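Reader: Please take one part of this structure and go through it closely. I would like a connected account, with the cut-off of each term given once.

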There are 4 protein chains.
Amino acid sequence: MTVASDMLDASPVPIEFGVEAVAAAIEACMVSAQACTSCANSSLAEDDVAMMRRCIALCDDCADICTTTLRVLSRPFEADRVITHRMLGACVRMCSDCAEECERHAAHHRHCAICAKACRACARACGELLEAEAFQELEKLAGG
Amino acid sequence: MTVASDMLDASPVPIEFGVEAVAAAIEACMVSAQACTSCANSSLAEDDVAMMRRCIALCDDCADICTTTLRVLSRPFEADRVITHRMLGACVRMCSDCAEECERHAAHHRHCAICAKACRACARACGELLEAEAFQELEKLAGG
Amino acid sequence: MTVASDMLDASPVPIEFGVEAVAAAIEACMVSAQACTSCANSSLAEDDVAMMRRCIALCDDCADICTTTLRVLSRPFEADRVITHRMLGACVRMCSDCAEECERHAAHHRHCAICAKACRACARACGELLEAEAFQELEKLAGG
Amino acid sequence: MTVASDMLDASPVPIEFGVEAVAAAIEACMVSAQACTSCANSSLAEDDVAMMRRCIALCDDCADICTTTLRVLSRPFEADRVITHRMLGACVRMCSDCAEECERHAAHHRHCAICAKACRACARACGELLEAEAFQELEKLAGG
């Protein structure tokens with residue numbers, strides 16, 4: 001059990017999409033935010049910095065969006081589902097963009113290879129929360 | 001001319017929805033993020049803290065979402081319009097929720113009255129960017 | 001009266017170094033954090049990006065440190081003076097470093113000229129809070 | 001090997017106090033920042049919220065300071081040792097304060113017990129970096 005899942009489990013507020021799924025998204029955001037912060041700084045120090053501009057710009061936004069997404073997910077009390085939905089949507093798209101760009105540099109910069117993997121994992125974990133939410137909506141419509 | 005608009009104007013990257021509209025949204029996010037951070041802390045110190053819980057929880061999320069929105073808007077280079085759209089959508093909803101809650105306490109807590117106004121202004125400025133974007137899409141569809 | 005000073009003034013908690021001095025530091029941090037975020041992104045888009053590496057790296061740290069400093073200053077309730085002191089110390093040094101580097105590029109990049117000015121103003125406003133604190137300590141020692 | 005240590009190891013910049021020690025501090029900050037964000041929100045939802053005010057206020061500052069500290073540590077390129085020192089100093093003090101307060105509520109709120117542990121671990125990991133730095137300074141003075 002990780003600290004994030006343990007913390008959600010100890011919350012007096014019920015966790016709508018399940019402690020494990022939300023904790024997985026929080027942890028993926030934590031790892032991705034750190035990897036992007038580090039990757040932007042490493043890319044800046046590379047000889048081919050002119051080729052790394054897009055990577056750096058995307059990593060900057062990705063670190064911020066992942067950090068805010070994990071904070072919003074860590075605050076279930078009085079949370080608004082529409083806001084969570086929009087933040088997850090921004091995060092999935094951002095991580096996918098960033099992963100795609102980092103993959104282009106993965107062969108020559110190991111930090112990009114690691115960062116791309118972290119961003120893919122984050123897009124997946126946040127995407128799974130969006131799917132769980134969509135499924136729940138469908139069940140409601142079906143009178144479930 | 002404010003520093004935010006001056007900075008956008010000095011960017012080598014063209015500002016899609018116009019320097020003034022984007023700068024207005026950035027500045028509204030700056031003010032709203034600070035007001036929410038302050039309002040959450042002041043509410044915590046009030047005698048009726050038990051009545052202020054929802055206000056504090058919303059202010060916490062609102063401060064983070066406004067901060068990330070202003071950072072994303074401050075980085076036009078290599079920006080992805082879909083991500084900007086989703087962050088603005090999260091920000092408008094968050095600021096509207098937060099303003100509505102703060103307005104309920106505005107008569108007895110002046111910090112809530114000021115914070116509600118800052119959140120309303122931010123929802124408006126970010127909403128105007130979303131409208132400018134929707135209008136541009138329509139023009140494209142119309143072959144404009 | 002600005003929103004930041006109005007918010008501090010509406011806080012149920014007394015503001016140790018005076019509403020105006022603390023509000024001035026908060027606002028200078030807000031402006032500097034935004035200018036640094038913008039300057040890093042603009043520098044990334046410049047043709048001479050290889051010459052702008054140090055500027056970008058410092059702006060990245062400066063934006064984060066200014067944002068956290070303004071948040072800490074916006075939360076007087078239960079604030080610990082030693083922590084405020086250390087954050088102000090980090091912020092003054094960071095803004096001075098960043099201003100110095102941006103000044104080196106000010107003649108050919110207008111965003112660096114504006115950013116340098118914002119960082120200098122922030123170093124000054126936060127430095128004045130540190131001086132007010134030092135003066136208060138001296139007065140205590142003198143039995144004042 | 002964790003993602004944070006892997007990222008530092010892949011950086012083109014040498015890591016002054018060693019990849020393992022810096023990665024340990026970064027990871028401790030990641031866990032502590034998330035735990036504090038979660039603990040503030042859970043405390044807000046508790047029946048005894050009036051008793052939890054100081055805990056919430058400290059957790060709010062602690063989450064921000066840990067986030068900025070981990071970002072600064074994740075950017076070794078062009079890093080200024082004095083700034084790193086001051087951020088670590090703010091972080092150690094903040095985490096110690098926060099842990100102490102959370103420990104007072106640990107018996108009746110499990111989220112406080114977990115959060116206190118995360119803060120203690122972060123104070124320790126950041127404190128070890130400060131000691132490594134002090135030791136290096138001593139060695140220099142001794143002509144080592």
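Author: Of the 144 residues in chain A, 63% are buried (under 20% relative accessible area, with exposed over 50% and partly exposed in between; 1.4 Å probe, protein chains only). This is a predicted model, in which local features need pLDDT of at least 70 and side-chain atom pairs count only at pLDDT 80 or more, while totals for chains, interfaces and linings use all residues. Residues are numbered from 1 along each chain as its sequence is written, chains are lettered from A and ligands numbered from 1 in the order in which they are written, and side-chain values use heavy atoms, with hydrogens and water left out.

Chain A has five helices and zero strands (DSSP runs numbered from the N terminus, helices being H or I of at least four residues and strands E of at least two). Along the sequence the pattern is α-α-α-α-α. Among the contacts of chain A with a separation of 6 or more, 70% are between residues 24 or more positions apart (contact meaning heavy atoms within 4.5 Å).

The part to look at closely is where chain B meets chain A. Each side is listed here: 24 residues come from chain B and 24 residues from chain A. About 2,400 Å² is buried between the two chains, and carbon and sulfur atoms give 58% of that area (the accessible area, 1.4 Å probe, that two parts lose on being put together, summed over both).

Charged pairs occur in this contact. Between chain B and chain A there are ten salt bridges (a side-chain nitrogen of Lys or Arg within 4 Å of a carboxyl oxygen of Asp or Glu). One salt bridge joins Asp64(B) to Arg75(A), and the closest N and O atoms of this pair are 2.9 Å apart. There are also 17 residue pairs in polar contact between chain B and chain A, both residues being at pLDDT 80 or more (a pair of N or O atoms within 3.5 Å; within protein, one must be able to donate a hydrogen and the other to accept it, and residues adjacent in sequence count only if both atoms are side-chain atoms).

On the side of chain B that touches chain A, α3 (53-73) and α4 (81-105) of chain B each supply at least two residues. Helix α3(B) gives the most to that side, with eleven residues. By class, the side of chain B that touches chain A has ten nonpolar, two polar and twelve charged residues (Ala, Val, Leu, Ile, Met, Phe, Trp, Tyr, Cys and Pro count as nonpolar, Asp, Glu, Lys and Arg as charged, and the others, Gly among them, as polar).

The geometry of the pair comes next. Chain B is superposed on chain A by a rotation of 180 degrees with 0.0 Å of shift along its axis, at an RMSD of 0.0 Å (least squares on the C-alpha atoms of residues with pLDDT of at least 70 in both copies). The two copies are thus related as by a two-fold rotation axis. Within chain B, the C-alpha nearest the axis belongs to Arg86(B), 3.0 Å from it. The same surface serves both copies, since 100% of the contact residues of chain B recur in chain A.

Thr84(A) is buried, its relative accessible area being 17%. Apart from neighbours within four places in sequence, Thr84(A) is in contact with Val72(A) and Leu73(A).

For comparison, chain D is also related to chain A. A rotation of 180 degrees with 0.0 Å of shift along its axis superposes chain D on chain A, with an RMSD of 0.0 Å. Met30(D) comes closest to this rotation axis among the residues of chain D, at 3.3 Å for its C-alpha. These copies meet through the same surface, because 100% of the interface residues of chain D are also interface residues in chain A.

One residue of chain D that touches chain A is Ile114(D): Val3(A), Asp6(A), Met7(A) and Ala10(A) are its contacts, not counting residues up to four places away in sequence. Ile114(D) lies in helix α5 (residues 110-141) of chain D and counts as buried at 12% relative accessibility.

Asp80(D), in the loop between α3 (53-73) and α4 (81-104) of chain D, is in contact with Arg93(C) and Asp97(C), leaving aside its neighbours within four places in sequence. The side chains of Asp80(D) and Arg93(C) are joined by a polar contact of 2.9 Å. The side chain of Asp80(D) also reaches the backbone nitrogen of Val82(D), at 2.7 Å. At 15% relative accessibility, Asp80(D) counts as buried.
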